[in-house]
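Hi there,

I am passing a structure on to you, and I hope you enjoy looking through it. Please open it first, and then read my notes with it beside you.

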Amino acid sequence: MRKLVILIILSIVCSLLIGSIESVDSSKFKTCKDSHFCKRNRVSHEIGVINEMKTKQIFNVLEGSIKLAKEENTIYFDLQEQGQSSNVLTMKLQVYEGGIIRMRAQEKEPLLNKQRYHVQDVLLDSIKTVPIQWKQQPSKQSNTFSFKHGEKECCYVSVQLVPFKLDVYIMNELAITTNNDNLFHFEAISEKPQPPPPQQQEKKPEEENKEGGEENNQNNNNEENQQQTNTDGYWEERFGSHQDSKPNGPMSIGMDFTFVGSSHVYGIPEHTTRLALKSTTGNGINEHPYRLYNLDVFEYEIDKTMALYGHVPLMISHDTKKTVGVFWLNAAETFVDIEDVTTPVSPSKKTHWISESGIIDVFYLTGPSPSTIFKQYAYLTGTTALPQMFSLGYHQCKWNYKSEDDVKQVDSGFDEHHIPYDVIWLDIEHTDGKRYFTWDNNNFPTPADMQNVIATKHRKMVTIVDPHIKRDNNYYIHSEATSKGYYIKNKDGNDYDGWCWPGSSSYLDFTNPEIRKWWATQFGYDKYKGSTPNLYIWNDMNEPSVFNGPEVSMHKDAKHYGGFEHRDVHNLYGYYYHMASADGLVQRNPGQNDRPFVLSRAFYAGSQRVGAIWTGDNSAQWSHLEISNPMLLSLNLAGITFSGADVGGFFGNPDAELLTRWYQAGAFQPFFRGHAHLDSRRREPWLFDEPHTTIIREAIVKRYSYLPLWYTTFYQNTLNGAPVMRPLWVQYPKEADLFDVDDEYLIGDSLLVKPVTQQSCKTMKVLLPGKSVNEIWYDVDTEKPIQAGVIEIDTPLEKIPVYQRGGSIIAKKERVRRSTYQMRDDPYTIRVALDSSKSAQGQLYVDDEHSFDYKKGKFLYRQFTFKDNVLSYSNASNKSSTYKSNVTIEKIVILGIEKPHSITCNIAGKEKLSFEYDSTLSKLTIRKPDLLVDTDFIIKLN
């Protein structure tokens, strides 16, 4: 009977989650008004509106406490809340290599039985501080001191003592000011106050007086009621039917940062607003602040500041003079308000950050250019793990391919319709009752054979492995985790028990390094029966998702490794889970020399070092196609470059036009996967009438032709942290009309893409940037040159507006194959697009496309340069390379060139090269030069 009841409850829960729903029920998720720490600390900036719950805190630097510890490269000083003797903080200031500034604050004398969480495992071990250089030393005669954050005197930090304020200057101009509005907020951890003894309590009025009461009774109890109001939400809190016991009480923190002289800020993904973050308060604006709290939000709404699946607390400010950033290193629930303000340097953006717990730990990225911002952030948290080439191809997914025969038919369908693809995916139904690392023996009786058949075509398979573990004593993962005490505990110290796809489930504590190591071993071929080296992994539901938990997630008072609460580490959970899974894929092979591929839905800062991310449960709507580009641009700015959105939309059924346009967009986004819900109709690329199948095929084929560019751009990210998919202003930082553009973007610095995201679109305007530098762009279809500016183009269904920047050189592979592996030895086509000075340059990266051998120097990183009618090809790396390749260049196309009399090459046997010339396009084509990609050469146009 008990099992029947459980099944009925699970059925109801699942039907609510996966049924046909128009959009998410926002009432199930908190806003600032529902989170007491935010509600009491948020300041309303509307004229005449006062937040009565907000207690103003003023912090001053204590006289005589400033100390420079030279051996630690650290400035220490104490801060005391004005009017309070107990709330004393210690602040540490440091400068890191590259001009990065770090500010940390926490209690000077914390309670011995309570602790604040410091974020772990996000910053690289390699980061180093540099010696502090005073600009103005502290003295009793001055209310300020200052120190340099770079080599030049003009780049410095100024600290005001009373009240505390910290200003960052770049080129002698104020760039970021901290605590300008005295929103520095730090709730000292304290013991829960005990109620007064009964004899000290006033006698309560009768119930009827409370309800309809006489005026004098209300006045008599006003003080008592006010005291109750002031303490509600501090030591316990309720949302819906869920109670948060809050054993540590109030411990929130906050700070305001103003980006001086800026009107545009970006970052803090993941949200569904535009790329340039909107103001949430001030000037008549009454928006919810941006929320950073990883949540399972299905069929999310557009243009909302509500939290989604993952978050990176990095904000970047950009104006025509500078690019700077703030990285708020905190894993607890966080809200961010944004406001347009007027300062002596107008306009400016003021931001107010509030977190529920943790310490204040802030990095100031001083730029001052976009490229240096990306380098600085990558210096702290790392670059994108170089993906295997197969993972940059097309992925086919559906919840769920139901059997081995189904997989075989889908795989064959791609071949029959001459559509390349690399990976087929299996969702949760492939398992034995949602027990991960198992197979449904009825529908997948021979999983290894199934994978081997796929492997004969050099394709891969991905299976889903979620973090919720079915509570079944006969399930080996659960029994071992239980016996080892590896589960997160509830507030009472018992194994946390929540509902997810398997029913009653527990959750491993991935904040514990021992448990991460144990989890990694589960991917071994001896444990994950039926898995092969051809199988890779998908981590879903790792926010974590708990169907019967508050906000479809875990209770905040659950207990983790080290005695910390879930509220302290929530945004790190999916990151740690992703990390452990990726480690498992590396360790399962004897040589540990196969780069892992693990897709994750949840993420945090540093997730780029682990694997790919996707934007979650979107819908088959034009608005969701349109917002995918701003969302992915925001992720790329925050370091999460290997990211994509489900092609076609996860929920619903796209019509042929929407699906076709989505494939065209996805073909020019970093991660390219088609995916659909269990209840959605099948939508493999050939299931729609012509011309849609042909156009979808052409879009996928075009993706494969540009794989050398994608692969090279991802490698370049490992060098400099630059986004793979980047906003136009990154390349043209002084063109203010680009700062709001998010419906078109650049791949690297070479291709401009503007996907068609509007229904029945026959014409569209395209903004080609670079007017200030006389940029030239070339339509990749017509090869015609176009001057920078706004143009109007026709957009028939087959048209993808893509343009190559004049001054760039890109490599392509134009032979159509079934998968990326079969392209490995195919020759390259080199496309040279000349700028107004008849020059161009570009790079090509080549390695074995799958192993870590590139870290040992087994790669080619080559430079193409065209100048003065000479195309040269040489080494672009300062590292020695032992990698050899027999792959050749079979064609060179040069656009924007005059016809030469002859063409010569310095390679023996290639001294004279034949060519064709199209005078209508000023296009030169050199066919069959057959030059090796591992060998330098010089080609002269005489």
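Below are my notes on its strands, cysteines, cavities and a few single residues.

A word on how to read them. This is a predicted model, in which local features need pLDDT of at least 70 and side-chain atom pairs count only at pLDDT 80 or more, while totals for chains, interfaces and linings use all residues. Residues are numbered from 1 along each chain as its sequence is written, and side-chain values use heavy atoms, with hydrogens and water left out.

**Strands**

Let's begin with strand 20, which covers residues 314-318. Helices (H or I, at least four residues) and strands (E, at least two) are DSSP runs, numbered from the N terminus. Is strand 20 mostly covered or exposed? It is mostly covered, as five of its five residues are buried. Here "buried" means under 20% relative accessible area, "exposed" means over 50%, and "partly exposed" is in between, using a 1.4 Å probe and protein chains only. Leu-314, Ile-316 and His-318 point one way from strand 20, while Met-315 and Ser-317 point the other way.

Which strands does it pair with? Two strands pair if DSSP finds at least two bridges between them. In general, strands of a sheet pair through backbone hydrogen bonds, either parallel or antiparallel. Strand 16 (residues 265-267) runs antiparallel to strand 20 and is joined to it by three bridges; Val-265 sits opposite Ser-317 there. Strand 21 (residues 323-328) also pairs with strand 20 in the antiparallel sense, over five bridges. In that pairing, Met-315 has Val-326 as its bridge partner. Strands 20 and 21 form a hairpin, with four residues between them.

Now move along to an open sheet of six strands, with antiparallel pairing and the order 36-37-38-43-40-41. Strand 36 (725-726) and strand 41 (785-787) are at the edges and have a single partner strand each, so one side of each has no neighbour in the sheet. Strand 36 pairs with strand 37 (residues 745-747) in the antiparallel sense over two bridges, and Arg-726 stands opposite Leu-746.

**Cysteines**

A disulfide is a covalent bond between the sulfur atoms of two cysteines. The search counts a pair of cysteine sulfur atoms within 2.5 Å. How many disulfides does the whole structure have? The search finds one, and it joins Cys-32 to Cys-38, with 2.0 Å from S to S. The torsion about the S-S bond of Cys-32 and Cys-38 is about -100°, so this disulfide is left-handed. Cys-32 is buried, at 4% relative accessible area, and Cys-38 is buried too, at 0%.

Cys-154 is in no disulfide, and its nearest cysteine sulfur, on Cys-155, is 3.9 Å away. Cys-155 is likewise in no disulfide. Cys-154 is buried at 12% relative accessibility, and Cys-155 is buried at 12%.

**Cavities**

A cavity is found on a 1 Å grid over the protein atoms alone, as a set of points where a 1.4 Å probe fits but cannot get out; its lining residues have an atom within 4 Å of a point. Grid points are joined across faces, edges and corners, and a volume is the space filled by probe spheres set on the points. The count comes to eight cavities of 30 Å³ or more.

The largest cavity has a volume of about 210 Å³. It is lined by 20 residues, and the closest to its centre are Trp-399, Trp-501, Met-541, Asp-617 and Phe-650.

The second largest cavity has a volume of about 140 Å³. Its lining has 14 residues, with Lys-30, His-242, Asp-244, Pro-550 and Lys-556 nearest its centre. Strand 13 (237-239) and strand 14 (242-244) are the elements that give two or more residues to this lining.

**Single residues**

Asn-286 is in strand 18 (residues 285-286), and is exposed at 69% relative accessibility. Asn-286 and Ser-126 are 160 residues apart in sequence and 43 Å apart in space, C-alpha to C-alpha.

Asp-411 lies in helix 7 (residues 404-416) and is buried, with a relative accessible area of 3%.

Happy exploring!

Conventions:
1 Å grid on protein atoms, 1.4 Å probe; cavity = no way out; pocket = protein on both sides within 12 Å on 5 of 7 lines; lining within 4 Å.
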